[in-house]
Amino acid sequence: MAAWIYTVPEEEADGKLAELYDLTRDPSSGRVDNIMSIHSLHPEGLNAHNELYEAVMTGTATLRKVEREMIALVTSSINECHY
């Protein structure tokens with residue numbers, strides 16, 4: 001399902017947006033997830049979203065990465081969200 005919000009397609013991104021798309025690209029699919037590409041008209045927002053994700057997923061010394069990923073998976077499942 002594509003976002004209904006206008007986004008800059010990956011193949012049309014250039015400059016800072018292209019750099020940010022490369023940083024946020026899903027390693028398993030090779031694509032930028034819709035949840036990230038909706039920020040394409042405001043690259044600063046995309047950067048902030050990515051930095052928040054990185055901080056949440058790497059910044060907790062009391063939880064192992066696998067535990068943080070499991071929490072994210074269960075939360076997404078409950079919310080019926082594939083992200």
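**Figure 1. Salt bridge between Glu67 and Arg64.** Glu67 and Arg64 are joined by a salt bridge, with their closest N and O atoms 3.6 Å apart. A salt bridge is defined here as a side-chain nitrogen of Lys or Arg within 4 Å of a carboxyl oxygen of Asp or Glu. At 29% relative accessibility, Glu67 is partly exposed, whereas Arg64, at 55%, is exposed. Residues with under 20% relative accessible area are called buried, those over 50% exposed, and those in between partly exposed (1.4 Å probe, protein chains only). The model is predicted: local features need pLDDT of at least 70, side-chain atom pairs count only at pLDDT 80 or more, and totals for chains, interfaces and linings use all residues. Residues are numbered from 1 along each chain as its sequence is written, and side-chain values use heavy atoms, with hydrogens and water left out.

**Figure 2. Overview of the predicted chain.** The protein chain contains four helices and zero strands, in the order α-α-α-α from the N terminus. Helices (H or I, at least four residues) and strands (E, at least two) are DSSP runs, numbered from the N terminus. Along the principal axes, the C-alpha atoms fill a box of roughly 40 × 25 × 20 Å. Of the 83 residues, 20% count as buried. The accessible surface comes to about 6200 Å², and carbon and sulfur atoms account for 59% of this area; accessible areas come from the Shrake-Rupley method with a 1.4 Å probe, and for residues only the protein chains shown count as cover. The chain averages a pLDDT (the predictor's confidence in each residue, from 0 to 100) of 89, and 94% of the residues score at least 70.

**Figure 3. Salt-bridge network around Glu10.** The structure holds five salt bridges, and a network of such bridges links Glu10, Asp22, Arg25 and Arg31. The side chains of Glu10 and Arg25 meet at 2.4 Å, N to O. Glu10 lies in the segment before helix 1 and Arg25 in the loop between helix 1 and helix 2 (34–37), so this pair ties together parts that are 15 residues apart in sequence. Glu10 also forms a salt bridge with Arg31, the closest N and O atoms being 3.7 Å apart. Because Arg31 lies in the loop between helix 1 and helix 2 and Glu10 in the segment before helix 1, this second pair ties together parts that are 21 residues apart in sequence. Glu10 is partly exposed at 24% relative accessibility, as is Arg25 at 28%; Arg31, at 52%, is exposed.

Figure 4. Eight residues make up the largest nonpolar core: Val8, Ala13, Leu17, Leu20, Tyr21, Val32, Met36 and Leu46. Helix 1 supplies the largest share of this core, three residues. A nonpolar core is a set of buried Ala, Val, Leu, Ile, Met, Phe, Trp, Tyr and Cys residues joined through side-chain atoms within 4.5 Å. Apart from its neighbours within four places in sequence, Val32 is in contact (heavy atoms within 4.5 Å) with Glu10, Tyr21, Thr24, Arg25 and Ser37.

**Figure 5. Nonpolar surface patch containing Met70.** Met70, Leu73, Val74 and Ile78 form a nonpolar patch on the surface, together presenting about 410 Å² of accessible area. Patches are made of residues with over 30% relative accessible area and no salt bridge, like charges being joined within 9 Å and nonpolar side chains (Val, Leu, Ile, Met, Phe, Trp, Tyr) within 5 Å. Met70 lies in helix 4 (residues 65–78) and is partly exposed, with a relative accessible area of 46%.
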